[in-house]
Amino acid sequence: MNTDMVPKKIALLLLLMAYLPVHAQIGGETTYQFLSLTNSARMAALGGNQVALADTTDLNLPFHNPALLHESMIRQVVVNYVNYMDGINFGYVSYAFNTGNTGTAAVGVHYINYGQFVAADEEGIISGNHFNAGEYAFNLMWSNHYLNWRYGINLKPVLSVFEVYRSYGIAADAGIAWISLNRRTTLGVAARNFGTQFTTYYENGEKEKLPFNVMAGMSQKLAHAPVIFSITAHHLNNWNLADPEEDEIEDDFVIEPQERFSKQLMRHLLLGTEIMPSPNFTIRAGYNYHLRQELKLEQKLSTVGFSLGFGIRIKRFRLDYSTTRYHLAGSSNHISLAVNLNRYF
């Protein structure tokens with residue numbers, strides 16, 4: 001038997017297991033939704049999420065799949081900032097360090113700032129008081145490897161604050177990755193944001209679900225061209241990302257037919273491409289079909305769901321930028337800066 005085929009068969013089995021019918025919610029029906037936001041400029045440019053990229057120089061990758069935390073990332077620092085919609089901004093900072101023979105570890109902080117608000121009572125009368133709203137997650141990552149398999153976990157204590165309403169909880173990510181010996185093919189599976197609320201926003205409140213997401217992906221680097229293609233399937237634990245809706249027409253309700261299989265499948269796929277004209281410069285592009293279907297306007301489709309970006313390396317510094325078209329109302333700009341603190345970089 002060809003031994004190189006064994007890990008590929010195991011990885012295929014794991015991909016099929018990811019399709020097991022596990023109920024989950026998306027789109028505002030869970031709490032701590034900020035955990036699903038993409039803060040990496042590189043990931044945003046590649047469709048929003050990829051779990052199978054074998055780049056040992058990018059500390060942003062373990063945020064999406066903790067198995068991708070590599071020993072070459074030790075003593076790297078990454079800082080991300082996203083100028084989001086209507087004064088909202090969020091970001092992420094992380095640092096990786098060595099734990100000896102027990103693997104590689106990293107710590108990080110993920111936050112979102114919703115801005116400042118003016119307080120008002122239930123009748124809409126403004127009191128003149130101001131308050132802020134924000135959410136925070138502390139990332140505690142660890143990974144290790146066996147042969148060309150990698151595995152890792154990420155524990156994320158969460159604090160959510162909306163005026164006087166607070167909630168504490170914990171989320172976790174777990175992932176595995178298989179990297180071919182020539183490092184051109186990578187397979188990855190990640191289960192993200194499983195966990196629970198410890199306290200709800202108000203006394204005796206019912207605990208809400210977290211934005212659980214099972215993903216599986218693959219990346220392939222061409223043998224004779226500086227190009228990497230990547231694809232990730234998201235929300236494999238919830239097949240129907242577009243349930244039939246009821247439309248009211250002259251006091252009668254008409255249920256729209258459910259999308260056919262091909263469109264439902266496309267909603268799960270994130271597509272990305274990286275082109276490297278030189279070792280220090282990368283051009284990126286991505287496509288998110290689900291995002292396009294949810295936020296497009298039939299009168300003008302525009303480039304909703306498409307994303308573009310680039311990356312530059314200068315000595316020990318790495319700068320990434322991307323722009324994603326979420327809606328005709330505006331785009332989102334992502335900036336990532338990484339610094340390698342190793343003396344002999």
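Student: Which residue in E4 is the bridge partner of glycine 108?

Tutor: Two strands are taken as paired if DSSP finds at least two bridges between them, and strands themselves (E, at least two residues), like helices (H or I, at least four), are DSSP runs numbered from the N terminus. Here, glycine 108 has asparagine 139 as its bridge partner in E4. Before going further, note that this is a predicted model, in which local features need pLDDT of at least 70 and side-chain atom pairs count only at pLDDT 80 or more, while totals for chains, interfaces and linings use all residues. Residues are numbered from 1 along each chain as its sequence is written, and side-chain values use heavy atoms, with hydrogens and water left out.

Student: Which residues take a positive phi in the two hairpins?

Tutor: Glycine 100 has a positive phi near 80° in the hairpin of E2 and E3, where 5 residues stand between the strands. In the hairpin of E3 and E4, which also has 5 residues between the strands, glycine 124 has a positive phi near 85°. For the inventory as a whole, the protein contains 5 helices and 16 strands.

Student: Is threonine 186 buried or exposed, and what is it in contact with?

Tutor: Buried means under 20% relative accessible area, exposed over 50%, and partly exposed in between (1.4 Å probe, protein chains only). Threonine 186, in strand E7 (residues 185–199), counts as buried because its relative accessibility is 1%. Contact means heavy atoms within 4.5 Å. Leaving aside neighbours within four places in sequence, the contacts of threonine 186 include Ala52, Trp178 and Met218. Across the protein, buried residues make up 46% of the 345 residues. Of the contacts between residues at least 6 apart in sequence, 54% join residues at least 24 apart.

Student: How many salt bridges are there, and which residues are linked in a network?

Tutor: A salt bridge is a side-chain nitrogen of Lys or Arg within 4 Å of a carboxyl oxygen of Asp or Glu. The count comes to 13. A network of salt bridges links Arg42, Asp55, Asp58, Glu274, Arg284, Arg313, Arg318 and Asp320.

Student: Where in the chain do the paired residues lie?

Tutor: Arginine 42 and aspartate 58 meet at 3.0 Å, N to O. That pair links distant parts of the chain, with arginine 42 in helix H2 (residues 41–45) and aspartate 58, 16 residues apart from it, in the loop between H2 and helix H3 (61–64). Both arginine 42 and aspartate 58 are buried.

Arginine 313 and aspartate 55 form a salt bridge at 3.7 Å, N to O. Arginine 313 is in strand E14 (residues 306–314) and aspartate 55 in the loop between H2 and H3, so this pair ties together parts that are 258 residues apart in sequence. Arginine 313 counts as partly exposed at 33% relative accessibility, whereas aspartate 55 counts as buried at 15%.

Arginine 267 and glutamate 294 meet at 2.8 Å, N to O. They lie 27 residues apart, in helix H4 (residues 261–267) and helix H5 (residues 289–295) respectively. Arginine 267 is buried at 4% relative accessibility, and glutamate 294 is partly exposed at 45%.

Student: Which residues of the largest nonpolar core touch the most other members?

Tutor: In soluble globular proteins, nonpolar side chains tend to be buried together. A nonpolar core is a set of buried Ala, Val, Leu, Ile, Met, Phe, Trp, Tyr and Cys residues joined through side-chain atoms within 4.5 Å. Of the 13 residues in the largest core, Tyr32, Phe34, Leu35, Ile112 and Val158 touch the most other members. A second, separate core of 10 residues includes Met73, Ala106, Met141 and Ala338.
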